[in-house]
Amino acid sequence: MLSAFVNIFKIPELRSRILFTLGVIIIIRLGSAIPTPGVNPNVLGEFFRTVVDQQAQGSVVGMLNLFSGGALENCAIFSLSVMPYISASIMMQLLTTVVPTLGKLAREEGGRQKLTQYARMLTVLLCLFQGYLLAIGFENPESIPLLHGIHGIIEKLGSPLVPEPGWGFRLITMISLTTGTLLLMWLGEQISDKGIGNGVSLIITIGILARLPAGLVQGWSKLISPSSITASSPFLIALLLLFLFGVIATTVAMTQAMRKITIHYAKQVRGNRIYGGQTSFLPLKVNYAGVMPIIFAQAILLFPSTLIGFLVPNSATAARIANSLSAGSLYYALSVVLIFFFSYFWVATQFNPVQIADDLKKHGGFIPGIRPGAPTSEFLDYSMTRLTLAGAVFLSILAVLPMVVQNLLGIPAITAQFFGGTSLLIVVGVILDTMRQTETYLLQRNYDGFLKKRKLSKATVGTISSDVAKERTLVWIYTFIGILVIAGITVSLFKK
């Protein structure tokens with residue numbers, strides 16, 4: 001594996017792509033520290049450090065700060081991150097399956113480019129709307145449930161969050177945040193074109209990982225604080241590390257898990273040549289919807305709580321309803337229901353068994369034991385329904401894990417977010433996709449992959465699958481042993 005990282009820089013094209021991606025990431029992190037004019041970043045930063053990051057339950061503002069990579073904590077120009085663009089893209093993708101005109105446009109030549117332009121226009125409107133709401137919230141922070149607790153910070157520092165409120169501040173905030181999101185959107189497209197990996201997804205992943213050091217510090221301070229440290233604290237830390245390893249390993253396994261449907265192609269004689277007669281497989285992923293059900297579920301639950309906070313700012317009943325919809329048992333129960341719904345909804349809109357069955361029939365393909373046509377479509381639909389159930393259960397467990405970790409260990413929400421939920425699934429998926437793209441460049445130049453120790457040759461290409469499986473097992477074993485060693489060192493240090 002180490003040799004693969006060395007070989008990366010031996011390929012000029014891959015080296016330039018990686019360096020370009022790193023340069024863009026540096027620009028993104030710099031933009032996350034440039035505050036929007038008119039906001040006191042000291043008040044907002046102290047609020048996040050002393051209130052949001054110390055909460056026992058996650059909050060809406062904490063999750064938004066996580067996905068922006070800490071930009072919201074500084075009220076930076078990248079505070080909205082690329083979430084408006086992702087929301088607009090998802091809306092356009094769903095509309096293509098509902099609106100016949102857009103569906104026809106998507107199948108035409110150049111239609112995808114037009115839909116991308118529509119998504120960009122919708123992104124501008126969403127940015128302006130969200131920027132206006134954010135400006136209103138900063139002008140009246142005490143009356144917004146999302147910023148509950150900031151009043152004490154303002155009195156402690158003796159400085160308001162927005163020294164000069166008004167339409168001037170609102171317009172500047174709207175323009176700054178909209179421009180920042182559009183710049184991030186353009187940088188993401190540049191990464192996809194000239195760098196490595198999917199640009200927009202990589203921006204979100206970098207933002208999440210940027211909060212990892214703060215989460216580790218908060219969790220470590222909570223576990224070893226003088227008031228909470230006990231004789232079992234070293235064992236608890238070791239157990240927490242093993243649990244984190246298990247969650248990551250399970251997420252990786254479920255992200256890559258699939259059912260392979262065997263496909264046989266009948267022999268066809270065309271002229272003097274014989275085509276077909278081969279065996280292939282149709283991959284059906286267990287987690288076909290990916291992270292989309294969790295994102296949809298959180299977006300639907302966050303919208304009412306945010307809207308209630310702005311429409312009824314001074315009502316105690318409205319504040320309780322908003323809090324129950326943004327954190328707690330009710331929030332997670334509704335999340336599970338919505339995750340199941342959107343898992344099946346996404347599969348129903350994106351997976352078309354009738355079209356797959358027709359394509360197989362046209363090309364002379366068939367599933368052994370299943371007749372072509374309608375029986376094949378019904379078999380694929382039945383198989384995908386069962387796989388979607390397993391994927392929905394996995395996503396539900398992953399979404400509830402942060403709350404379980406918080407309740408059992410009492411660690412802050414910023415630390416527990418890395419034990420499951422959207423953040424972990426996004427990070428795992430994006431890293432795997434980036435590694436696959438990097439490994440493609442390595443294998444094309446006959447270099448070793450990440451799990452291959454000797455150089456590839458034509459004679460070994462046919463037997464690479466079994467070798468990779470064995471080496472993947474060894475990698476997991478070595479990683480597990482390494483974590484045990486780290487846990488042992490930690491326990492010995494506490495004993496001293």
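Predicted model: local features only at pLDDT ≥ 70, side-chain atom pairs only at ≥ 80, totals over all residues.
Residues are numbered from 1 along each chain as its sequence is written, and side-chain values use heavy atoms, with hydrogens and water left out.

**Helices α5 and α6**

- Helix α5 spans residues 83-98 and helix α6 spans residues 100-107. Helices (H or I, at least four residues) are DSSP runs, numbered from the N terminus.
- The two pack at an angle of about 105°, with their axes 5 Å apart. Axes are lines fitted to C-alpha atoms, for helices over the stretch in contact, and angles run from 0 to 180 degrees between N-to-C directions.
- From α5, M92, L95, T96 and V98 meet P100, L102 and G103 of α6. Contact means heavy atoms within 4.5 Å.
- This contact of α5 with α6 has five nonpolar residues, two polar and no charged ones. Ala, Val, Leu, Ile, Met, Phe, Trp, Tyr, Cys and Pro count as nonpolar, Asp, Glu, Lys and Arg as charged, and the others, Gly among them, as polar.

**Aromatic rings**

- Five aromatic pairs turn up in a search of the whole structure. Rings of Phe, Tyr and Trp (its six-membered ring) pair if their centres lie within 6.5 Å; planes under 30 degrees apart count as stacked, over 60 as edge-to-face and the rest as tilted.
- F341 and F342 have ring centres 5.1 Å apart and planes at 75°, so they are edge-to-face.
- F342 and F345 are also edge-to-face, because their centres are 6.3 Å apart and their planes at 85°.
- F342 is buried at 11% relative accessibility, while F345 is partly exposed at 29%. Buried means under 20% relative accessible area, exposed over 50%, partly exposed in between (1.4 Å probe, protein chains only).

**Charges over rings**

- R170 sits over the face of W167, 4.9 Å from the ring centre.
- K260 sits over the face of F281, 4.8 Å from the ring centre.
- The rule asks for NZ of Lys or CZ of Arg within 6 Å of the ring centre and within 35 degrees of the ring normal.

**V400**

- V400 belongs to helix α17 (residues 374-409).
- V400 and A333 are 67 residues apart in sequence and 8.8 Å apart in space, C-alpha to C-alpha.
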